[in-house]
Every structure is written in C-alpha cells, then in structure tokens.
Amino acid sequence: MRKFIFLGLAILFLLPLTSLAEVYEARPGLKVVLPALSEPWTVSREASPSLVAHLAAHLKDDAEKQGRTVTEEQALSAARQRLASNELLIFNEKTEAHLLISFSPIGPKESDPSAKSVAISAQYAAEGVTDEGWSDVKDHHEPIQIKGAKHAQWFQIDYTEDGARHLFMGVVGYARPYWFWLYANDHLKDPGDRAVLENILRNIEIRVEP
C-alpha cells in the first residue's frame, strides 16, 4: 500500500513539471522545448516592432560611425533580414530583452564538431564584441549540459555601450546534425528579465527526430 501511495505522490509531483513546458517546431523534424513563459514574454517566428526598431537604430549608428549614410528604411530592412535568419525569437516587448534561436545543419560530408570546436565557436561571441563598439567587457565561458545536445558551451558577457550597462549571454551547441545558437540580450531595464533568460538557456531542450 505504501508503495502505491508513494507512486501516486510521485506522479502528482511530476505533473506540474511536465505542464510547464511548451514545444515549438523550429524546422520539420526539429523541435525546441521551452519553459512556459508568462506575459509580457512572447515566442514568435517574427520579430516584434520594438526589436526591429532597436536593431535598426543600432545598425544605422554603426553605419554612421563608419562614414556611411543609411536611410531609416534601409536600416529597418536590414534589421528585418537579420532577424529573419532565426527560427524562433523570444522577447519582452516592454524592455526589449530578447533571445534569438537559430540552427544550421552540418554538411553531409562533415564530421560532428568536438567539444573543443563548440567551445571555440562560443569564444568567437566574446572576441567579436570589439567590433560592436562595446567597452568594459567581462566575459565568462563554461561547458553546459543541454538536453538533446551532444556538446554545448555557455557564455556570459557584461559590457557597456553608450554609457549604459548591458548583458549578453547564450549557448552555442551541437545537436546532430545541427549547430545551434542561443543569443540573449538583457538591457537591464527590468531585474526579472535575467532570471527568465537564464531559465530558458539552462532548461531548453532540442529534439531532433530521426
């Protein structure tokens, strides 16, 4: 009798956990499982207007620093095109905090990347920040276990841009036959955003159907 009571309690304990997950199809045969998100967070295949506008302003500013003239419409078009390369976009419309999820299959003749190759790819995320004009950069990298992935590397970059502090963090990984990139930006407008982004990054699951 005690065994059945214990089993029943165990099932009741697990039921809320299983209900706190949402499954999204990134590509045919490729699914992403995310923790359930509450408002104002949204999961979409298309970028929000504020996210497009934020990236467009950034691209326009970069162009001007390089001595190039870019119209508002050109910047918006470039922003939409760049964001469209992601399979899923998760964002808080109020604070512009967001997480981009993208995949790229390896070639049919390519071998699976090693843990070291994945770590090097994650390191590129830190090395590229100087091109963004970021300053006071502090970065951290470490291996992370992602369900469904063969290898994955966590990174976190604290930086200053235009006098304001920001946080860029994410995961680079490999789930055969896909490389995947999870890039999260927290503009530190809401203290709760970081917890949401970290929860997604650490508890995401990649499902590749045979």
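Colleague: In what order do the strands of the seven-stranded open sheet run?
Modeller: Strands here are DSSP runs (E, at least two residues), numbered from the N terminus. Two of them pair if DSSP finds at least two bridges between them. The pairing in this open sheet of seven is antiparallel, and the order is 3-4-5-9-8-7-6.

This is a predicted model: local features need pLDDT of at least 70, side-chain atom pairs count only at pLDDT 80 or more, and totals for chains, interfaces and linings use all residues. Residues are numbered from 1 along each chain as its sequence is written, and side-chain values use heavy atoms, without hydrogens and water.

Colleague: Why is one side of strand 3 and of strand 6 left without a neighbour in the sheet?
Modeller: Strand 3 covers 41–44 and strand 6 covers 135–143. Both stand at the edges, so each has a single partner strand.

Colleague: Which residue is the bridge partner of valine 172?
Modeller: Strand 8 (residues 164–175) pairs with strand 9 (residues 178–186) in the antiparallel sense, over nine bridges. The partner lies in strand 9 and is tryptophan 181.

Colleague: Which residue in strand 10 stands opposite lysine 31?
Modeller: Another open sheet has three antiparallel strands, in the order 1-2-10. Strand 2 (residues 30–35) is joined to strand 10 by four bridges. Opposite lysine 31 stands arginine 207.

Colleague: At about what angle to strand 2 does helix 5 run?
Modeller: A helix is a DSSP run of H or I, at least four residues. Axes are lines fitted to C-alpha atoms, for helices over the stretch in contact, with angles from 0 to 180 degrees between N-to-C directions; contact means heavy atoms within 4.5 Å. Helix 5 (residues 191–203) lies across strand 2 and strand 10, and its angle to strand 2 is about 135 degrees.
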